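Good morning, and thank you for coming.

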Amino acid sequence: MKEKNTSSKIYCTDEYAYFYQNTPLSNWWTSVPSIPYDGHLFTSSEALFMYLKAKGMGDDEYAQKIVDADNDTSLTEKERFSAVKKLGRKCKFDETLYVEKREEWMYEALLAKFNVDEEFRSVLMAEEYQGLTFVEASPWDAVWGIKSRATQTILDEGESAWKGLNLLGKLLTKLRDEKNGEALPTKCDLPSNGLIKSICGGVFGDISGCTREKSSKSVYTTDFDLFPPKSHPTDDSVLTVAIADWLLHKDTLSLSEALRGWGKKYPKAGFGGGFRAYMKSGIDYCSDKNGAAMRVSPVAIVASSLEETLSLAKESALPTHNSEEGIKGAQSIAAAIYLVREGVANGKDASTIKSEVKSYIETTFGYDLDQSIESIRLRSQRFAEMKRVYRATGVANPEFKQMSDAAVSVPMAIVAFLEGRSYEEVLRIAISLGGDADTIGCMASSISVHLYGIPQTIYDEGCKFVPSDMMAIIEEFDAKYLAK
């Protein structure tokens, strides 16, 4: 027997590399950065596996509990591991399904870890372990390990002395062999938190929602393709970029020039009549719609205080939405973004941040944020039917309100943010509420991106729909204000 790398508790023979705890190969190894998956961050591949197991069993409640426990900063590392393990054992369970899918779920967790954890990659792909089979020498686990420590007998006798299946070791070996020959990153290509913070957060919400503005019942669901082939940026995205351009170049570019200039670049982006007239005349106008709120997100990133956020939000709204409701809508979205960013910077958890956002918005702006998702969807359906009847008969229902009114759509977007538990879930909830789907998606996602970040897969897909001139401004803005 030859012994290698004993400092990291990995013992090698001519055929096997035995490991247990205190090495990056362990499922309980804390990954740096955390592992991004499904809009969440996981501290270990074990936590991600438990999440995948719960999701695979159809137990969304326990899947979320696992996420919450794994991200509970009040727990020690040992307490967090214990909590995640207990929750994973309490979720719904089907033995037949588990045996069928467990290796698939584990491999998915290991692959996600491989993509971000440089230390894990370096050990897994190390030259000294090439050609060897990894073996988890766990004295307790007869499924993922061999139910034995790496004793001298085990090292001498090899597989004939094992008491377990060693599924984890076999999957690690498979992953290593599949990655051999591929170009490996020398460092994690994702930001340090594993997810992407960008003003694309709101832009993607707009692009995703633009094809969903219909009155059919099929709209009121979160089960839809995020970026179908006809997806495209609308006025929400165009004017978000305009605000970013203005903030980047205020010394040489006025707000009016930025708004009108970008509007003229994309005249068919879906602008309302008031903005189309503004592009031609340059004369300010007063709207109580959600146009100022949909484009305001860059303001809250540039501002250094809540007071400055509110002031800049109002300034950005004045040319086109100089009304109480128009300004209030813009300030509400901007304030929510600022409070989320501050909360994250101060290490607060998601529930605390959301509670603070809700309290501030309700107290300061008077929006009702206790509406349920179902009640909002039902209201959207009623308004859609009222609109259809009016168009057919000319008879207006006095209860009808335009879904593009800031007073209607802004609180919808904030409720979606409060209810969602990931960037993708917030986006899907927002769009499923009906009505002005692209703008609600834009506003809600522009808030949630600063709490959850954008998963790499969504970012890569969404970028395909963003024109190069818009992306150039986004990248310049992100590099200046959102760079780590």
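Let me begin with a definition: two strands are said to pair if DSSP finds at least two bridges between them. Helices and strands here are DSSP runs, numbered from the N terminus, where a helix is H or I with at least four residues and a strand is E with at least two.

Please keep in mind that this is a predicted model, in which local features need pLDDT of at least 70, side-chain atom pairs count only at pLDDT 80 or more, and totals for chains, interfaces and linings use all residues. Residues are numbered from 1 along each chain as its sequence is written, and side-chain values use heavy atoms, with hydrogens and water left out.

First, the overall picture. The protein chain contains 22 helices and 5 strands. Its C-alpha trace spans about 85 × 50 × 40 Å along the principal axes. Of its 484 residues, 55% count as buried; buried means under 20% relative accessible area, exposed means over 50%, and partly exposed lies in between, with a 1.4 Å probe and protein chains only. A contact means heavy atoms within 4.5 Å. Among contacts between residues at least 6 apart in sequence, 71% join residues at least 24 apart.

Now to the sheet. Strands of a sheet pair through backbone hydrogen bonds, either parallel or antiparallel. In this model, 3 strands form an open sheet in the order 1-2-5, with mixed pairing. Strand 1 (11-12) and strand 5 are the edge strands, each pairing on one side only. Strand 1 and strand 2 pair in the antiparallel sense over 2 bridges, and a hairpin joins the two through 3 residues. In this pair, tyrosine 11 stands opposite tyrosine 18 of strand 2.

Tyrosine 16 has threonine 133 as its bridge partner in strand 5, while phenylalanine 19 stands opposite glutamate 136. Which way do the residues of strand 2 point? Tyr16 and Tyr18 point one way, Ala17 and Phe19 point the other way, and all are buried.

Most residues other than glycine have a negative phi, and most peptide bonds are trans. Lysine 147, however, has a positive phi of about 55° although it is not a glycine. With 41% relative accessibility, lysine 147 counts as partly exposed. Serine 138 is placed in the loop between strand 5 and helix 6 as well. Is serine 138 buried or exposed? Serine 138 is buried, its relative accessible area being 4%. Apart from its neighbours within four places in sequence, serine 138 is in contact with Tyr20, Ile146, Lys147 and Ser148.

Asparagine 166 also has a positive phi, near 60°. Its place is in the loop between helix 6 and helix 7 (167-179). Asparagine 166 is buried, with a relative accessible area of 0%.

The buried residues of helix 10 (residues 255-265) are Leu255, Ala258, Leu259, Trp262 and Gly263. Seen down the helix axis, these residues fall within an arc of 120°, so they line one face of helix 10; the arc is that of the directions from the helix axis to the C-beta atoms.

Finally, consider alanine 335, which lies in helix 15 (residues 324-345). Alanine 335 is buried, at a relative accessible area of 0%. How far apart in space are alanine 335 and leucine 306? They are 6.7 Å apart, C-alpha to C-alpha, although 29 residues separate them in sequence. Not counting residues up to four places away in sequence, alanine 335 touches Leu306, Thr309, Leu310, Tyr360, Ile361 and Phe365.

Thank you for your attention.
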